[in-house]
Amino acid sequence: MEHLIFTNARVIQPDSVLEHGRVSVRDGIIESVDREGEPGENRQDARVIDCGGHYLSPGFIDTHCHGGGGADFMDGSREDILTAARAHLKHGTTGICPTTLTCADEELFLFFECYEQAKTVTEQMPHLLGIHLEGPYFSAAQAGAQPPEYLSCPAPEHYRKILDRGKDNIVKWSAAPELPGAMELGDELSRRGIVALMGHSDAKLDAVQEAVRHGYTQLTHFYSGMSTITRENGHRKLGLVEAGYLLDQLNIEIIADGIHLPPELLRLILKCKDHDHICLVTDSMRGADMPDGPSLLGSLAHGVSVIIRDGIANMPTFDCFAGSVATTDRLVRVMTRKAGLPVWEAVKMASLNPAVFLGIGDRYGSIEPGKTADLVVFDEDIQISEVYVSGVKVR
């Protein structure tokens, strides 16, 4: 592979923006990061890329995504996975975790086969960083769009079969901790090095605290599909939302499209939660990167009709949301414009933090020597002009 030198760039780093930055990339790996005018390496063998004074950002990592570009990851073919992943690649997502929906085991296992096939394709693709299983172990009261007929409680003979069929591809699993068997599931996931998340749950604080002791480390799409304060015989009982604030060690996902969580709530989260424990996720469906109009939530075989309007998917009655159509560049834009974060910190929540949560922060998520050269060029409005995956230009 060729030697690249990115110049005239505002390089986004984990704690600041390096003005007049210069980044050297060789064989798909970041070699050095410094400032223009400082002594540098010989450029004779390099192709120089002038960033035009725009931001040079680490590629975004979306660890909770169901589809895009008119395809759902669970539609049942390799091509559907490629289509959805490439739709997000255009928006700067250079690493993605295809996410499932609660379904029959046969449909899930078909998705596993399609994912194995999709992994072999690298041209014009983001990194497929592993599968996020969302369900089937959820509370019926907090199921949201999860098909209720497939909900169940964790049973070893069931989840071990899924884990074995998923091989080493499963990296995250979301479950409701109050269900019988959820603690044993957390222990199993911890032993296998899989991130255990709590979501679609009616758990009280005591169940959440116990779940943390059994290896659960993260909350799935904070505020969406989770319990909050209730009263029992006059006594207030904290739910999953309050646990997310109270337990400092818990990481949280937020759908920062400005609609699922309005700007005021985003600012409250930022005020109350350590920023290093927050990552941005799209939770997007097939309608991401698609025009307004009719769409489908879920797979082609079992999906529910929805209507995309004004940046969100709605149920046909327009009485509730039916899903996200966000892309990660939009999340960063919302966090800077509406939540008030500096651009470097919004980018960190969309790149380094999710990489760290997955345990791959040593290889991905920031512009530092030795890391994979996943890079995005964008302007002040987070309008993306160039995308590189492992040093190869894909846009």
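Analyst: Helix α3 passes helix α4 in a right-handed crossing, a term used when the near helix is turned clockwise from the far one by less than a right angle, anticlockwise being left-handed. The model is predicted, so local features need pLDDT of at least 70 and side-chain atom pairs count only at pLDDT 80 or more, while totals for chains, interfaces and linings use all residues. Residues are numbered from 1 along each chain as its sequence is written, and side-chain values use heavy atoms, with hydrogens and water left out.

Helix α3 covers residues 156-166 and α4 residues 182-192, and their axes come within 11 Å and cross at roughly 25 degrees. Helices (H or I, at least four residues) and strands (E, at least two) are DSSP runs numbered from the N terminus; axes are lines fitted to C-alpha atoms, for helices over the stretch in contact, with angles from 0 to 180 degrees between N-to-C directions. The two helices are therefore roughly parallel to each other, which is the word for angles under 35 degrees. On the α3 side Tyr159, Arg160, Leu163 and Asp164 meet Glu184, Leu185, Glu188, Leu189, Arg191 and Arg192 of α4, where contact means heavy atoms within 4.5 Å. This contact has four nonpolar, no polar and six charged residues, counting Ala, Val, Leu, Ile, Met, Phe, Trp, Tyr, Cys and Pro as nonpolar, Asp, Glu, Lys and Arg as charged, and the others, Gly among them, as polar.

Another pair is formed by α1 (residues 78-89) and α2 (residues 105-118), whose axes come within 8 Å and cross at roughly 65 degrees. Here too the crossing, of α1 past α2, is right-handed. Arg78, Ile81 and Leu82 of α1 meet Phe111, Cys114, Tyr115, Gln117 and Ala118 of α2, and by class that contact has six nonpolar, one polar and one charged residues.

On a 1 Å grid over the protein atoms alone, a cavity is a set of points where a 1.4 Å probe fits but cannot get out, a pocket is an open set with protein on both sides within 12 Å along at least five of seven lines, and lining residues have an atom within 4 Å of a point. Grid points are joined across faces, edges and corners, and a volume is the space filled by probe spheres set on the points.

By class the lining of the largest cavity has six nonpolar, four polar and two charged residues.

The second largest cavity has a volume of about 50 Å³, and among its lining residues are Ile12, Pro14, Trp344 and Lys348. Helix α9 gives the most to that lining, with three residues.

As for the pockets, the largest has a volume of about 740 Å³ and is lined by 38 residues, of which Gly144, Ala145, Leu297, Ala322 and Gly323 lie nearest its centre. Strand β22 (residues 321-324) supplies the largest share of this lining, four residues; by class the lining has 14 nonpolar, 19 polar and five charged residues.

Terms used. Parallel < 35°, antiparallel > 145°, perpendicular 65-115°, else oblique.
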